[in-house]
Amino acid sequence: METKLSQQRMSKARRSCGFIHGIDVDAEGSRGGLCLGWKPGIDVNLKSFSKWHIDVMVKEDSSQIEWRFTDFYGTPYSREQSQVWELLKSLSQNVTGPWLVAGDFNEIMYSFEKKKKGIPRDQRRMELFRETLAGCKLSDIGFSGVSFTWERGNLPKTNIRERLDRGVANDEWISLFPLGRVHATTHRRANFITKLVADDGKEIVKETELQEAAKIFFEKLFSSDGVADPKRILEGVDSCISPEMNEVLNSPFTADEILVALKGMGPLKAPGSDGFPALFFQKYWQIVGKDVLDFCLGVLNDGKEVVSANSTDIMLIPKTSHPTTLVNFRPISLCTVLYKLVTKTIANRMQDVMGICIDKAQSAFVPGRLISDNILLAYELLHTFRQKRMGKKGYMVVKLDMSKAYDRVEWDFVKQMMKKLGFESRWIELIMKCITTVSYAVVINGNRGGNFQPTMGLSQGDPLSPFLFLICSEGLSALMRLAMRNGLVRGAKACRRGPEISHLLFADDCILFGEATEEGANVVKDILKEYECCSGKYVNFNKSNIFYSTNTREEMKDLVSNLLGVSSSSSPEKYLGLPSIVGQRKTEAFGNLVDRVAVRIDAWSSRLLSQEGKEVFIKSVLQAIPTYAMSCFLFPNSLCDKIESKLAHFWWQKGAGKRGIHWCKWQSLCRPKEEGGVRFRSMAQFNISLLAKQGWRFFNSPDTLVSQVFKAKYFPDCHFLDSQLGNSGSYVWKSIWATKATLEKGAIWKVVEALIDSNSREWKRELVVDTFQAEVADLILRIPLADEAHEDFLAWNAEPSGEYTVKSSYKLLQRLNPTAYALQTVYKDFYKKIWRLDIPTKVKIFIWRVSWNYLATLVNLMARRLAMSSMCPRCGVGHETMIHLFRDCSVSKEVWMFLSDLDMADYPQEEFVVWLTRKVLFFSLTKCRVFCVALWAIWGERNTRIHEKKCRSGRETANFVLDYCAVSGIVARDSSGRVLLSSTKIHGEVESAFAAEAIACRHAVQIALAMEQTYFVIKGDSLTTIKKCKQRSERRQCSGTRLRAEMRRKKKGQEIEATDLKEKLRPLVSVYTFNAEWTDGIAR
């Protein structure tokens, strides 16, 4: 730690804290100074020290293991940073054991480790810090407690916080102390509440008192104080639910609807008070289904009560680090599955009418509306405000924070809103019966408190709550519409002909637009007050903020801000997680995405991920990080290149801090697998495909608010495909307009009504023949026509349905890419067969690398100046080319000799790629599998011979290939989970992965029958094998027949059941788990 004290004063301070032993380094004036203290029982030997570090060896009395610790202090001055990082590099020389470096580095690794105030940190400085740690083979060990360890500035406008203190260690130290962390405060169990502070300042620590305090708090939170008469709000609500809709809503519920609701539930989501997850009902429906249907249909159709299933647990999720007041916890309601089945069935019906009765300004939970709609609208209006430099009246944007949004909803207000919207009383009573019969119990540290009945609020785990919340929020929309109708509020327009927008809603996220005047501020304040009195939802003005158009006078800004009681902001914060304003420095605006990718990579780089694991990790996790932002904004090419560079580095690297050889460009990896790629994403093309969906919605969903705004401003008198970019368009408009060319290439018109006889509904043959060429006319005349006339419309040609999809658009862009190469058909067939083979993915990826010469042979290494000689290290006769390595080398020939069934004598003079392609296409699937595994084994034997100095004969390698087998492992447990026995067995010459799983299952059955128990549950991770076990008919596969024969051996009274291992449910008596996997052998 930095002391800023002299050695004598620091020594005194250290001893007063109980650290008798220590090493102190003098400060230089008012800066610097280091101290390392320890208590008795630890042996510490000093290695070196300076004004920036203390390096020691540590050994505890109770342990024989010695490890190295370096107390480090990084300079805050950029001119000295290079010197400090060189010191750290020098300390890393010749490190042989566990090593931990901790202290104040005075530098952050990523931009999000700094609060967004002040000057952004230089990217080069952060990269240099990360490169230094990687060069020293040090990884961040993580932390707990507060996120930022350094802070300056007391006011919100000047406050700066950064994470400058951290601990980094090498792999040996992390292995020695896997749970080691840097703690900003005393370590506590996650979500474990040890202390609460009451309103009077009294500390509550006893478990019973904690339970009672939580019950009192939430009982008060969910208690209604009564509501005002919502008559004025209801005047602005239109009745929109027709009698036909009510007839559908109130029709009898069916068993199929209950099943659809059950299948739509997450199997392993947190269970309610009864402890049963949805998985239990999904897997054991044949047992419990009848009772569940009787209960649910009784509630829905027959008016039975739902009270018995409507018991809800409240779990507390901390909103801040180490909260001590219940206000800083987020209550999450855990409902029982039976209750959720009832309400989810109701919600599935209700969602079909939500788009009719909810204002266009609300885009959450309504089918057909997207979160991106609000982002595009908010950005467009803010862009208009920033450009508005003329005019006497300015405009304001008020971003509201709704406090305890779900918890404060008044039930009676929701009931009256539903009635005014046109819902029939029977439907309303069914919903009110569900939400008003709930009973809550707060769970503190795993202990369930006493029950209490609320009188207001919605459960956040209830499937009905989102729709009821929207109906409640419709009250605010009604007040804003009334105010605009009466001329009290003027909304904002993106252009003169565009629709007037007074507010935007996404769930509880609310933005208000209006004139920045005293009258406008008072009207907004009155509306929010009336809405609070009627609905129960109120605004936390302390967390809300306001932004003004450029032409707003400073005195008016101060007046409006004081009237509303909100803070003013010169630059609005992020809206729905994305920047509200993006300036010229676009790469920096989205730089945090690069950091998020880097953090995920750093967290996994030190782990032993295979090439197969990296492929899944890149596709499922890393490439998904920027998707949300790319659906609204066009990324600069430099930003896409940075993301792709991170992904490529991770794909090719051999471990943490190791670069690896980049054998090809990223774009080559983005090609489809059948065209020789790995099917990674090209970020720029994927960005275009996501944005093109917004352009498609402009003319495919013209009634949406976002389509109306953009059409009125940018293409009022033409189609989007005929629009012009213009000179003063916003960044989002420029982003969407950039996709116009893609839409033009993929969209087609269906169909031209002028060519159709409206009476006979047939083509006008003569007109078609005269208009088009003969071949085209013939194709047109073959198109069947619909019986009813319809307007011409645009369809997406790349999809049979005619609907735009991001996937098909991305494929179109790949085909149209001018830099893309075209493979011959024979090579496409080669790759199709390789990826279809029933072998481990790591072997497939290896064969893919072999086909492109992406292996570190000595010839390839010498071409890159990484080797001194290219002679084969095994035979020493020829240069280690691909053809020599796998075919002509005497060691490889010996392997092929013992694999005589493959007949390797063909094509002796062909080049390697031709030889490899012909062999793969010529062999049957079985021989092809052996051939690919043999290539993999030869490469593995070659690496073992070079790096581990271990040699295998050709016969041994060939035997490994032939015996490339499945290993089964069986564990038997009783009903309490106690292990009864375990067994492993190697099975040779297995024909496929399914056969391996079936053999493993048969082995489990054999052991189960030998134990002579009455009831068994066979569990495994092969769903195909489990299904085969459950079938009553005979298996057509040989392995299935053998498995069935074993199951017939059960004695009278014995029962065998097969279930999927993913169920994670404990059986009644005995459990046998099995697993079959391909062995790694010697290949690398």
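**Rings, charges and a covered helix**

A: The charged end of Lys 586 lies over the ring of Tyr 731, at 5.0 Å from the ring centre. Please note that the model is predicted.

Q: Which ring face does Arg 68 lie over?

A: Arg 68 lies over the face of Trp 99, and its distance from the ring centre is 4.7 Å.

Q: How many aromatic pairs does a search of the whole structure find?

A: The search finds 53 aromatic pairs. Planes under 30 degrees apart count as stacked. The ring centres of Phe 72 and Phe 105 are 5.5 Å apart and their planes meet at 25°, so this pair is stacked. Phe 72 belongs to strand 5, whereas Phe 105 is in the loop between strand 6 and helix 3, so the pair ties together parts 33 residues apart in sequence. Phe 72 counts as buried at 1% relative accessibility, and Phe 105 is buried at 0%.

Q: What is the geometry of the pair formed by Trp 651 and Trp 652?

A: Planes over 60 degrees apart count as edge-to-face. Trp 651 and Trp 652 form an edge-to-face pair, with 70° between the planes and 6.2 Å from centre to centre. Trp 651 is buried at 1% relative accessibility, as is Trp 652 at 3%.

Q: Is helix 25 mostly covered or mostly exposed?

A: Helix 25, residues 705-714, is mostly covered, with seven of its ten residues buried. Among them are Phe 710 and Tyr 714, which also belong to a cluster linked by ring pairs that includes Trp 696 and Trp 733. The buried residues of helix 25 pack against helix 12, strand 20, helix 24 and helix 26.

Technical notes. Residues numbered from 1 in each chain as written. Predicted model: local features only at pLDDT ≥ 70, side-chain atom pairs only at ≥ 80, totals over all residues. Heavy atoms only, no water. Buried < 20%, exposed > 50% of the residue type's maximum accessible area, 1.4 Å probe, protein only. Helix = DSSP H or I, 4+ residues; strand = E, 2+ residues; numbered from the N terminus. Contact = heavy atoms within 4.5 Å. Phe/Tyr/Trp six-rings, centres within 6.5 Å; stacked < 30°, edge-to-face > 60°. Lys NZ or Arg CZ within 6 Å of the ring centre and 35° of its normal.
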